[in-house]
Structures are given as C-alpha cells and as structure tokens.
Amino acid sequence: MVGADEIKAESRPVGRFAPSPTGLLHRGSLYAAVGSFLHARYRGGRWSLRIEDLDPPREQPGSAQTIIDTLAAFGLDWDGEIIWQSRRHSLYADAIEQLRADQRVFCCACSRRDLAGVGVHREPCRRPYEVGLEHAIRLRVADGFVALDDALQGRYEQDLAIEVGDVVLQRRDGYYAYQLAVVVDDAELQVSEVVRGADLLNSTPRQIFLQRQLDLTTPSYLHLPVLLDADGNKLSKSRYAPAIEPAQACRELRLMLRLLGQDVVSAATPSALLAEAVAGFDPNALPRVAQIADDEVVVREPSKAQ
Ligand SMILES: [Zn+2]
C-alpha cells in the first residue's frame, strides 16, 4: 500500500537547475534556469540547484560562486542545500559497481588515436585491456531505438548502437562522465521533471537507457529552445554572450518571460516579478521550437571609438 507521504511526494513536482561552473551565467543558461523554476513552482514543486563541477580542468575559478550569487540576485531561490557533484563521487562509483556486477560495463583502453576514424565505439576494443593500463569504463548499449516524448520537442528517438556507441561512464583520466552523474543525481534527488536546453536533447536517450540499466525511474523531459546569437551560434559558444548583470535583473527576467511565451509582468523587484510569473504561468504557451533567434537576446560588442 502506498502511504500518504508517498502520494504527496509523488504529486509534488521536483525540478532542478544544473549549471557547470565553466563560465559566467549568460542569457542561454538564465533561460533554462527561469524555465525550470517556473515549471516546477507553478504547481507548488521544489526546485533544486546542482553545481556540475565534475571536470576541474574545464572549470573557471570563482565561476560557481558567481553563478550562485547571480541566481540569488535574480530571485531564483532554490530549495534545500546546493548539491555539488564533486562531493558525490562515491554515489557514481556505487552505480558503476552495480553495473559491473550486472556485467553491463567494460574497461576500454582505446586511445583517441585508436578510435580516430572508427565512428562510434562498440565492443570489442581496438586495444586489448590489460590490468593496470589506464582505461575508461563504458556502458554496453543495446540495438534498437530508445525514444522519449518531450513536452515541447515531441517524439525523439535514437538508435544508440548506431548513433552513439558504448557510453563512457568514467573517463581514462578517472573523472566521472556527465551522463552518469546526471542520471544518478536526478534519481537520488527524486527529480520528476527535467527542464533544460534543447542542446541536451540528443543526450537524453542514452540517459534513459542508463536509467533502465540501473532500475531508476525516468523523469519527464521538457527541452527549451536554444537561444541563438546574431550569427546563428548557440549563446554558450558565442562571443556575443555577455554575462548577465544583477543590476538589470528585472529587465532580464522580463526578456526571459517573453522568450518563454509568458505574459510579461510589471513587478518592480525580481522576487515579486517571479512570484507573479509563477502565478500566471502557462506551460502551453512555451515555444515549441528547437531554437530562437531574437534581436533582443544579443548585445553586440560596442564598436570601438574611431
Ligand atoms: Zn575501447
């Protein structure tokens, strides 16, 4: 029998925002933050903040704290403690152990050079595994399609064996892969809805496959359009993606509401503005496109004085 607490936990959505501290918060990431916040909160749900600091060589010192401070200044208040992936390695190791016990993973000592020109990596390895050799851990994928019904992007499917290959869960340098950590953490935090940018849509089938291998629940998915700059580049890769300024929080939040298809509200502080946006949120008005190019998104670099 299901207890009352479980029913309550089930009916209350849990969303999250999960930035990597590899740079400052720009409008592309703010868009995902505001979208996931509104989608979780308009039904009274929880919204967690998880810092995906799994890859120290790619991280920028101070970036995590700047992201946290910016979210706070924008009134994007998260529930509970901030989750740091760098402090959760034992959970990722346990998941790999479980997969190893079920014989779903293998050691791969192939180097980049070995795999050059191979396309996707599937067993067997190019280089035979020897004990002590630096190696990655890969998850064996199965033949056939893995599909999802995304709330905005619709049906999406991939044949992992053909399009992706055996998935790296732990890299040769020992760092845990994003694909593993995101699956383990979303399950452990009981995330019920993943709202993020459509640039991650093509990672989703392998994450669902991994959830199944670990006997975990699959959350619902909603992939927001990617914001493009004037040259058609994704903002995270764009040289025209300035960090967002807390002093401009209300203006920035109104821009995000417009790009989310929501009523643009007039409250004078970020918190009041978000509260109004939560109250009026309409998920059916979210844009059902993969990309948005909008003049207001991109602030061109000021032209140099003559
Ligand atoms: Zn290999």
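Helices (H or I, at least four residues) and strands (E, at least two) are taken here as DSSP runs, numbered from the N terminus. By that count the chain has 10 helices and 12 strands. The radius of gyration of the chain, 21 Å, is close to the 19 Å that the globule rule gives for 306 residues, so the chain is as compact as a globular protein of that length. That radius is taken over C-alpha atoms, and the globule rule is 2.2 Å times the number of residues to the power 0.38.

The model is predicted: local features need pLDDT of at least 70, side-chain atom pairs count only at pLDDT 80 or more, and totals for chains, interfaces and linings use all residues. Residues are numbered from 1 along each chain as its sequence is written.

**Overall layout**

Along the principal axes, the C-alpha atoms of the chain fill a box of roughly 70 × 65 × 35 Å. Of the 306 residues, 36% are buried. A residue is buried if 20 or more other C-beta atoms, placed from the backbone, lie within 10 Å of its own. Two residues are in contact if their C-beta atoms, placed from the backbone, lie within 7 Å. Among the contacts in the chain with a separation of 6 or more, 75% are between residues 24 or more positions apart.

**Helix H7 and its partners**

The buried residues of H7 are Leu-180, Ala-181, Val-182, Val-183, Val-184, Asp-185 and Asp-186. They pack against strands S2 (46–51), S3 (83–84), S8 (167–170) and S9 (193–197), and against helices H4 and H8. The two helix pairs are set out below; axes are lines fitted to C-alpha atoms, for helices over the stretch in contact, and angles run from 0 to 180 degrees between N-to-C directions.

| Pair | Axis separation | Angle |
|---|---|---|
| H7 (residues 178–188) and H8 (residues 204–213) | within 10 Å | roughly 60° |
| H4 (residues 89–101) and H7 | 10 Å | about 105° |

Angles under 35 degrees count as roughly parallel, over 145 as roughly antiparallel, 65 to 115 as roughly perpendicular and the rest as oblique. H4 and H7 are therefore roughly perpendicular to each other. Their contact involves Leu-91, Tyr-92 and Ala-95 of H4, with Leu-180, Ala-181, Val-184 and Glu-188 on the H7 side. These residues divide into six nonpolar, no polar and one charged. Here Ala, Val, Leu, Ile, Met, Phe, Trp, Tyr, Cys and Pro count as nonpolar, Asp, Glu, Lys and Arg as charged, and the others, Gly among them, as polar.

H7 and H8, by contrast, are oblique to each other. H7 contributes Gln-179, Leu-180, Val-182, Val-183 and Ala-187 to this contact, and H8 contributes Arg-206, Gln-207, Leu-210 and Gln-211. Five of the residues in the contact of H7 with H8 are nonpolar, three polar and one charged. After H7 comes Gln-190, with a positive phi near 55°.

**Helix H8**

Eight of the 10 residues of H8 are buried, so H8 is largely enclosed by the rest of the structure. The buried residues are Thr-204, Pro-205, Arg-206, Gln-207, Ile-208, Phe-209, Leu-210 and Gln-213. Just after H8, Asp-215 has a positive phi of about 55°.

**Leu-227**

Leu-227 lies in strand S11 (residues 226–228). Leu-227 is buried, with 26 other C-beta atoms within 10 Å. Apart from neighbours within four places in sequence, Leu-227 is in contact with Arg-27, Gly-28, Tyr-31, Leu-235, Ile-292 and Val-297. The C-alpha atoms of Leu-227 and Ala-32 are separated by 10.0 Å, although the two residues are 195 residues apart along the chain.

Key
Buried ≥ 20, exposed ≤ 12 C-beta atoms within 10 Å, placed from the backbone.
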